[in-house]
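Here is a short briefing for a first look.

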Amino acid sequence: MTIQTTSSELLHETIYSIERSDGLKVFFMPKEGYTKQYAVFATNYGSNDSKFKIASRGEEICVPDGIAHFLEHKLFEQPEGSVFDKFSELGSSVNAYTNFTSTCYLFSSTDKFYENLKLLLDFVREPYFTDESVEKEKGIIAQEIRMYEDNPNWKVFFNALKAMYHEHPVKIDIAGTVESIHKITKDDLYTCYNTFYTPRNMIVFIVGALDKDEVFDFVDKTLNNGKKKEEALIQRIYPNEPDAIVKKEIEEKLSVSMPLFNIAFKDVDNGLHGRELLAKDISTRIILEMLFGRSSELFMKLYEEGLINDSFEHEYTGEIDYGHSMLGGESKNPHEVLNKILDHIALMKEKGLSQDDFDRIRKKQMGQHLGYYNSIEFIANTFVPYYFKGISLLDYIEILKEISFETVSERFRKHFDSDKCVISVIRPK
Amino acid sequence: MLKRLAPIELGRGVHLHVIKTDKFKTNLIRVYLQRPLEKEEVTKNALLTMVLPRGTERFTTSMAVSKELENLYGASLSSDVSKKGERNIIQFALQLANDKYLEEKGVFEKGLSILNEIIHKPHLQEGKFHTQYVEQEKDNLKERIEGRINDKMSYALDRCIEEMCSDEKFSLYEYGNVEDLKKISAESLYEHYQNIIGTSKVDIFVVGDMDEATVENMVRQHLNFVSGDKLFVEREEIQRSPADVKKVEDKMDVSQGKLTLGYRTNLPFESELYHPLVVFSNILGGGPNSKLFRNIREKESLCYYIFSRIEKFKSLMMISSGIEFDKYDKTVELVGKQLEEMKNGGFTTEDIESAKNSIITSMRSMTDTPSMMADFYYTQVVSNNPDSLDEMIDKVRKVTKEAIIASSKQIELDTIYFLRDKKEGR
């Protein structure tokens, strides 16, 4: 067992890792002085992976929408009952989440860490699905879907995705629909489990005030007791997504007090991995803050005119095969906000971005990034998706420090294109 | 772990609490002003926390304030209101990166002086707040109050409390109401500001990598609150026996029904049975192995979320869930059944141990988040409880089954609230 070490001098943090012979990677970050320990067992499998091929079967498999999330729910079931109870006895809280690209199982504890870790490593590797329990889960997940149907922020976001993407499965709700989940069978769950829950497709990330050798020894010993699994090569099938958007506008009515909007720019500079992808990610976040942040002229103008309020925010999503910048908030007149944003972008393309703004925003983001390391949940939950994109989290602050004004200006010109812009609005019923 | 804090008296009614730790990458300063929760001022207090960050004498616009904070490595400033029982708390917070990781030094001190300007040196126009700022923030606050319906889960909880405590101050929404908002002017708000800045009890918390003497010096130098006689906020009334269960239904265009049941626990937080009651609520609806979760979600597939929680200061227990509209009767019945069973001692030693462990884990976990640590100790200050975290944990450990049962004896259902669709009938 060779332990690899990655350190950041700026952060005063180190991450240790091992790669096991079965391909599973295990990471550990010490956090001295912390009361909590936190562990995530994650698979590089999310709602986007709805079409794939299995080498042994040859044919293309297309599974019902919402299955990755359904599987996440059902993995907690064991022959002797729910694994929740065992974690509860230890006083720790166990949880899981599914997003577009990954499924993560996690717990946080303040005591008996290794007993908790063993539970986590075991239950994720031991699926137990029965027809009866699959049927029962449908009622629960249907209520989860209904809950999201009443959530205007969730609806305005998914509608924006639908306006941007023609084919890409990112436009489909992570939990699927009440109809699609009713089609899910026990066999579907096993097919997905066997395809995507393989050591090579998974990682374990552990953080807390623990001893590194003890952590790695324990994980190694625990995993060796498990059953060996056949490792088939995963062939994910993603449709060809055109660069163009589907439509410029999308609207829906819900019980809200005033209109909500998301304005999104579809990214066409795709296919990057690792540090290149990270540099694009960071550049885009700097631009968003420079143009639309609290200290920007545009924010000030929109705010003073009463077109936006405190809820106005921005976010960039940069996956390997797709990406988008998203601006969102509440407004009496969302289309007026859109017009002013597009005018401002056009103006800034003429004038060029300001070097002063760039320096100040970069400084701000350095400080903020430091602050994120207060939270072990942040560290683990950010490390995982970045790792699956070939990015090391500790590189973030180094690249942020080095990134140049020219790189950012160049990205600004390319990405913020009015032809790739959509607006999604939720209006009061 | 954390010891009892010894507050430093900066002046009459102004206290500083320093929590020294080197494990965070930031330093946090939180300032709490204690007000009574009153209809007369709740809306003004909320508006004030929105107007003050708009500008100071030196930085007259929010753009200038933001730029200054960004230059301090993205110092994050927040100001907000909340309610702790029938107290209205006004809070300001500033989190700054620790100098240790920066090329620049003195960041904390610069931050302190900006925070002081935000609180004490607002941008004025003819001896009152800037009219334009006040008017803009009045619009924003109106949107926020009206936007309460957007989050259906918390709306259903708030509405239940509003109906249940309709003739008590606790029913007041912390962001106030639109009618009172309309009446506020730049003059009247400034007058209110001058009044509260002198008459409110102030508690300042600093969580960070600095020793007490250094912090005290810096705070004395940069963050000056008026010393003097401060307003005493009275303890809220809690005993109440509802004659009948009140049933309230609101209709909206929604996909899922939101059910909230409000109970009176009739047990003050000062009671020795308070910790047992918290354990009781945890066994009933605290987490994924609670009675409600296991029976109503796992066994009956009626919901995705269901939980129970205790409102400490007002002695309430709230149970909340999202269900199909036609499952109202069934859910209400099942919740009642679980509660009765528990009152009669229908829970095991394992249930008790799990609940205690889970409560202790979340208490201990607070020490990993600077803002939670400050909030924990502030709650102790407000509730006049000298216990340290360790002492509280010890009390939870010692809770017995008998005490849990005894603590639940006076729990009474007061109000059932249901937010449902607009279709007729059930």
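Are α9(A) and α15(A) roughly parallel or roughly perpendicular to each other? They are roughly perpendicular (65 to 115 degrees; under 35 is roughly parallel, over 145 roughly antiparallel, the rest oblique). This is a predicted model: local features need pLDDT of at least 70, side-chain atom pairs count only at pLDDT 80 or more, and totals for chains, interfaces and linings use all residues. Residues are numbered from 1 along each chain as its sequence is written, chains are lettered from A and ligands numbered from 1 in the order in which they are written, and side-chain values use heavy atoms, without hydrogens and water.

**Helices α9 and α15 of chain A**
- The axes of α9 (residues 274–292) and α15 (residues 405–415) of chain A come within 9 Å and cross at roughly 80 degrees.
- Axes are lines fitted to C-alpha atoms, for helices over the stretch in contact, and angles run from 0 to 180 degrees between N-to-C directions.
- Helices are DSSP runs (H or I, at least four residues), numbered from the N terminus.
- On the α9(A) side, the contact (heavy atoms within 4.5 Å) includes K280(A), S283(A) and I287(A).
- On the α15(A) side, R411(A) and F412(A) are among the residues involved.

**Helices α12 and α14 of chain A**
- Helix α12 (residues 355–372) and helix α14 (residues 395–402) of chain A pack at about 170 degrees, with axes 10 Å apart.
- α12(A) and α14(A) are therefore roughly antiparallel.
- R362(A), Q365(A), M366(A), H369(A) and L370(A) of α12(A) meet Y396(A), I397(A), L400(A), K401(A) and E402(A) of α14(A).

**Helix α12 of chain B**
- Helix α12 (residues 349–365) of chain B has 17 residues.

- H275(B) is found in helix α9 of chain B and is buried, with a relative accessible area of 14%.
- Beyond its neighbours within four places in sequence, H275(B) is in contact with M392(B), K395(B), V396(B) and V399(B).
- I282(A) lies in helix α9 of chain A and is buried, at 0% relative accessible area.
- Leaving out neighbours within four places in sequence, I282(A) is in contact with Y396(A), I399(A), L400(A) and I403(A).

Terms used. Helix = DSSP H or I, 4+ residues; strand = E, 2+ residues; numbered from the N terminus. Expected span 1.5 Å × (residues − 1). Buried < 20%, exposed > 50% of the residue type's maximum accessible area, 1.4 Å probe, protein only.
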